[in-house]
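Here is a short report on a single protein chain. It starts from the backbone and moves on to the packing.

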Amino acid sequence: MTKTTANLKVDGYLRKEKRWLPEFEKLRQICLATELTEELKWGHPCYTMNGKNVVLIHGFKEYCALLFFKGALLKDPQNILVKFGNVQAGRQIRFTAASDIAKMKTVLRAYIHEAIEAEKAGLKVKLKKTADFAVPEEFQNKLDASAKLKTAFEALTPGRQRGYLLHFAAAKQSKTRAARVTKCVPQILKGKGLND
């Protein structure tokens with residue numbers, strides 16, 4: 001196995017990092033000891049194989065994490081992978097101290113190795129299709145009442161459709177779901193996604 005060459009763009013990124021520098025440096029050392037290619041993507045150190053994303057180092061206010069793009073495929077014998085948000089394939093291992101990373105070095109290497117092997121094998125995460133997501137009753141009622149809205153919604157990309165469905169369904173109360181639907185109808189009619 002060849003070691004990864006450090007990327008100068010990542011060096012520059014780390015020079016600017018204030019909150020998680022010791023943790024990022026430890027995670028980077030672990031990733032550089034693999035056959036992955038180090039790149040800077042989306043403003044974060046990313047490790048790829050043949051142009052495919054495998055792992056990414058990123059920080060948040062409360063923690064930093066090693067993100068596995070196809071983490072849903074990993075066995076996770078340590079039960080340390082965290083599913084975050086509405087992401088279907090990705091999983092994180094979260095840290096709050098460099099000492100935690102140092103203690104888990106062997107485990108992290110094993111997880112990264114498994115992710116590399118999954119990428120080499122061409123494994124893919126079976127993603128839910130838009131049709132697999134429930135349509136909240138409040139939105140279904142609007143779709144049934146307006147052919148124009150239904151046509152506009154069906155014309156959206158699957159990702160935009162899922163974004164709306166998840167946004168509507170996240171509200172616990174019917175009146176909140178109805179308010180979200182009402183607020184988003186003009187956006188849908190313009191052919192725009194939730195965050196466009």
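Asparagine 79 counts as exposed because its relative accessibility is 65%. Here buried means under 20% relative accessible area, exposed over 50%, and partly exposed in between, with a 1.4 Å probe and protein chains only. Asparagine 79 sits in the loop between β4 and β5. Its phi is near 55 degrees, a positive value in a residue other than glycine.

The model is predicted: local features need pLDDT of at least 70, side-chain atom pairs count only at pLDDT 80 or more, and totals for chains, interfaces and linings use all residues. Residues are numbered from 1 along each chain as its sequence is written, and side-chain values use heavy atoms, with hydrogens and water left out.

**Loop residues**

Tryptophan 42 also has a positive phi, of about 55 degrees, although it is not a glycine. This residue is in the loop between β1 (37–41) and β2. Helices (H or I, at least four residues) and strands (E, at least two) are DSSP runs, numbered from the N terminus. Tryptophan 42 counts as exposed, at 59% relative accessibility.

Glycine 51 lies in the loop between β2 and β3. With a relative accessible area of 57%, glycine 51 is exposed. Its C-alpha is separated by 46 Å from that of alanine 145, which is 94 residues apart along the chain.

Is proline 136 buried or exposed? Proline 136 is buried, with a relative accessible area of 10%. It lies in the loop between α4 and α5. Leaving aside neighbours within four places in sequence, proline 136 is in contact (heavy atoms within 4.5 Å) with Leu165, Phe168, Ala169 and Arg177. Proline 136 and alanine 155 are 19 residues apart in sequence and 19 Å apart in space, C-alpha to C-alpha.

**Nonpolar cores**

A nonpolar core is a set of buried Ala, Val, Leu, Ile, Met, Phe, Trp, Tyr and Cys residues joined through side-chain atoms within 4.5 Å. The largest one has 28 residues. Within it, Leu36, Val55, Leu66, Phe68, Phe95, Leu108 and Ile112 touch the most other members. At least two residues of this core come from each of α1 (8–16), α2 (21–32), β2 (44–49), β3 (52–59), β4 (64–68), β5 (91–95) and α4 (105–120).

Which residues does leucine 108 contact, leaving aside its neighbours within four places in sequence? They are Leu27, Ile30, Leu66, Ile93, Phe95 and Ile101.

**Helix packing**

Axes are lines fitted to C-alpha atoms, for helices over the stretch in contact, and angles run from 0 to 180 degrees between N-to-C directions.

| Pair | Angle | Axis distance |
|---|---|---|
| α1 and α2 | about 155 degrees | 9 Å |
| α2 and α4 | about 50 degrees | 10 Å |
| α5 and α6 | roughly 115 degrees | within 5 Å |

Angles under 35 degrees count as roughly parallel, over 145 as roughly antiparallel, 65 to 115 as roughly perpendicular and the rest as oblique.

α1 is roughly antiparallel to α2. Their crossing is left-handed. A crossing is left-handed if the near helix is turned anticlockwise from the far one by less than a right angle, and right-handed if clockwise. Val10, Asp11, Tyr13 and Leu14 in α1 meet Leu21, Phe24 and Arg28 in α2. This contact divides into 5 nonpolar, no polar and 2 charged residues. For these classes, Ala, Val, Leu, Ile, Met, Phe, Trp, Tyr, Cys and Pro count as nonpolar, Asp, Glu, Lys and Arg as charged, and the others, Gly among them, as polar.

α2 is oblique to α4. The crossing of α2 and α4 is right-handed. Leu27, Ile30 and Cys31 of α2 make the contact with Lys105, Leu108, Arg109 and Ile112 of α4. By class, the residues are 5 nonpolar, no polar and 2 charged.

Glutamate 25 also lies in helix α2. At 39% relative accessibility, glutamate 25 counts as partly exposed. Glutamate 25 and isoleucine 57 are 32 residues apart in sequence, and 9.8 Å apart in space, C-alpha to C-alpha.

α5 (residues 137–145) and α6 (residues 147–155) are roughly perpendicular to each other. Phe139, Lys142, Leu143 and Ala145 of α5 make the contact with Ala147, Leu149, Lys150 and Phe153 of α6. The contact of α5 with α6 has 6 nonpolar, no polar and 2 charged residues.
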